[in-house]
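These are my notes from going through one model, entry by entry.

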Amino acid sequence: MATRQGAPGRAQREERTSAGRQVVWTLLASAVAGLSTYYSAFSKRPTSVASFPTSYAFCADGNRIYTVDEARPTVDCITVDKHTIISTGTLAEIQAHWDDYQNELIRKFYGNEPKAKKPLPVLRAPSDSIVVPGLADAHAHIIQYGFKMQLRLDEVRTLSELLDLLEDYVNSHTSDPDTWIEAMGWDQTRWSDTDGSFPTAADFASRPSLASLPIALHRVDVHALWLSPRALALTKEHLNGTFPDTVPGGEIIRDPNTGEPTGVFLDAAQTLIPVPKWSEWQMRDYASRTVKDALAVGLTSIHDASTSLDELELFKELDQENELPIRVYAMADSDRINDEEKRNIEVYDPSPAAHVRMRSVKLFTDGALGSWGAALLAPYSDKPDARGILRFTEEELATTVRQWWDKNWGVNIHAIGDRANKAVLDIFEKISDVDGGNGNVAERRPRIEHSQIMRVEDLKRAGELGVLTSVQPTHATSDMWYAESRLGAERIMGAYAYQTLLKSSRDGILPLGSDFPVEGINPLLGFYAAVARLDSEGKSPHGEGGWFPAERLTRAQALRGMTLDAAYASFAEDTLGSLVPGKRADFVVLDRDIMDENQPFTEILEAKVKATIIDGKVAFGGI
């Protein structure tokens, strides 16, 4: 994420807003009234419909609407009235339902006058396309994604390329040399010109144009911050000339010979760095970029997994300004809430269909595997002197969880390593014992965010306790190239075990997300990773058969994970997540059938979103 301080002018902001509102949507529809059923059908020829009527039928012939409804998994058509689905079935069935529906309306409100009956326009999906419920990302970071997209550190494959990219940015952005440059996305495990160890401040010093600038680069997982020599000096000055010997819940990487900081700060140690806070206009720009990209890939709901109170207010403002078409389920960021705010904060949950909600808190236990920060019960196999970082002691974490639990908040806890996951399950097991059984815990829908490396017995224990394991399939395919060397042959058997977690779940729930911007924003990348266990080139450390293929999800399981299961994890399964009567009309039109088990996995990666519909209205694309 590259950012420089400074605000755009009023005219520039108004120009962006005006441009977004000057889009003209054209409705191409004709209604033909019949004697018994009032409907109209669009031609099956390709059209360019980018705006839908208030009420309509939407059809994909050949049972190509995947409803995620166990009673009727596929249908030809759905009927939408305003923002709600009112019927599903064949065209004849929904027309008959519409006729009955209209008859009831005119009987109640129009004196049984036949002329008051409204026709039902029928819209048809393009040939070969399918319809699925609106896709949800159960774990993502909205503001951070927009921030990261300014400077794509994740796209380089060598340290040298990254420094070239930074030099190009600096040369094209003249400003005060004391202005911090901040970006996100580096991953030392992917660089072909290093040995995979952490970079240092000295790497910046090798380039004259970078040596004197304050630069702070976040690792792709946001659990490590890499500083330039100037940024390191400013941090030391900020700390009154001395770096602390230790940092609770974090680590300052030091030179083994001199003991001096090398320039990389892990987890809680990142809070020592005086990087300027983002302004409101910056956060608006970041949020707008994310919303735009999310709609283009079929996302209709996002669980924002670490929302500050300022960000919550921004989301509310965007919603009030009709600039937030997606639904945001926010998790309050415990790291950015002070004691007074913690005492006074209240759940914000207008309704399950609201576009901004906050009824859960995000807590943290450990770091990430890629930076050797995931808290393990035994040393890392490739770094025997390290066991990771536990942000808080088990006792401190238990106290914090209990405080939020007693305030009736949902509790969602980041846990990656087996020690961290065990600690979280121990806490919920104790709550279960005190509060009257696993059923009471399950009703509150606590979540472990990531559930990445677990003891085999804890995979089962999570399900028995009713704790939801919220996972990100692309983490498996990103980490698989080094995970086994980090963990060893025994521990890897409890890692990224998605099919086992699903089967162990007491209610068969496995919410899927991406953790974007750590991974890509396109949910089909996660769908592909879940069902193929391969990278985007069709490879894995175990060959083309996939990485631990027994842990694959089926396509139906993966679709449910990013629709109905995600809705369940946000207390919205009665309103969102499947295409059934009574639920919101959130759905996505894809240009090919990703649900066909006979098609190669590569077809999933080729799929494109034709249209994203939220509350019955086109939010992206058209048909």
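Is Asp 137 buried or exposed? I find Asp 137 buried, at a relative accessible area of 3%. I keep in mind that this is a predicted model.

**Entry: Asp 137 and its surroundings**

I placed Asp 137 in strand β9. I then listed what Asp 137 touches, leaving out residues up to four places away in sequence. The list holds Leu 299, Ser 301, Ile 302, His 303, Leu 512, Gly 513, Ser 514, Asp 515 and Phe 516. I also took one distance: the C-alpha atoms of Asp 137 and Ala 332 are separated by 17 Å, and the two residues are 195 residues apart along the chain.

**Entry: the cis peptide bond**

Phe 516, one of the residues that Asp 137 touches, is joined to Pro 517 by a cis peptide bond, with omega near 15 degrees. I located Pro 517 in the loop between α16 (498-504) and α17.

**Entry: helix α17**

How many of the 10 residues of α17 are buried? I count nine in this helix, residues 523-532, so α17 is largely enclosed by the rest of the structure. The buried residues are Pro 523, Leu 524, Gly 526, Phe 527, Tyr 528, Ala 529, Ala 530, Val 531 and Ala 532.

I looked at α15 against α17 separately. Their axes come within 7 Å and cross at roughly 65 degrees. That makes α15 roughly perpendicular to α17. I note the crossing of α15 and α17 as left-handed. On the α15 side the contact is made by Pro 473, Thr 474 and Thr 477, and these meet Leu 525, Gly 526, Ala 529 and Ala 530 in α17.

**Entry: helices α11 and α12**

At what angle do α11 and α12 pack? I read about 50 degrees for α11 (residues 394-406) and α12 (residues 418-435), with the axes 10 Å apart. That makes α11 oblique to α12. The crossing of α11 and α12 is right-handed. From α11 I list Glu 394, Leu 397, Ala 398, Val 401, Arg 402 and Trp 405 at the contact. In α12 they meet Arg 419, Ala 423, Val 424, Ile 427, Phe 428, Ile 431, Val 434 and Asp 435.

**Entry: helix α9**

I tested the length of α9 (residues 309-320) against its residue count. At 1.5 Å a residue, its 12 residues should span 16 Å, and the end C-alpha atoms are 17 Å apart, which agrees. I list Glu 311, Leu 312, Leu 314, Phe 315, Lys 316 and Leu 318 as the buried residues of α9. They pack against α3 (142-148), α8 (280-296), β15 (299-307), β16 (327-333) and β17 (356-364). After α9 comes Asn 322, whose phi is positive, near 60 degrees.

**Entry: other positive phi values**

I noted two further residues with positive phi that are not glycine, Asp 128 and Phe 548. Asp 128 has a phi of about 75 degrees and is found in the loop between β7 (120-124) and β8 (130-133). I mark Asp 128 as exposed, because its relative accessibility is 54%. Phe 548 has a phi of about 45 degrees and lies in the loop between α17 and α18.

**Entry: the disulfide**

Which cysteines does a disulfide join? I find Cys 59 joined to Cys 77, with S to S at 2.1 Å. Cys 59 lies in strand β2 (residues 55-59) and Cys 77 in strand β5 (residues 77-81), so the pair ties together parts that are 18 residues apart in sequence. My count comes to one disulfide. The torsion about the S-S bond is about 110 degrees, so I record the disulfide as right-handed. Cys 59 is buried at a relative accessible area of 1%, and Cys 77 counts as buried at 1%.

Technical notes:
Residues are numbered from 1 along each chain as its sequence is written. This is a predicted model: local features need pLDDT of at least 70, side-chain atom pairs count only at pLDDT 80 or more; totals for chains, interfaces and linings use all residues. Side-chain values use heavy atoms; hydrogens and water are left out. Helices (H or I, at least four residues) and strands (E, at least two) are DSSP runs, numbered from the N terminus. The expected span of a helix is 1.5 Å times one less than its number of residues. Buried means under 20% relative accessible area, exposed over 50%, partly exposed in between (1.4 Å probe, protein chains only). Contact means heavy atoms within 4.5 Å. A disulfide is a pair of cysteine sulfur atoms within 2.5 Å. Axes are lines fitted to C-alpha atoms, for helices over the stretch in contact, and angles run from 0 to 180 degrees between N-to-C directions. Angles under 35 degrees count as roughly parallel, over 145 as roughly antiparallel, 65 to 115 as roughly perpendicular and the rest as oblique. A crossing is left-handed if the near helix is turned anticlockwise from the far one by less than a right angle, and right-handed if clockwise.
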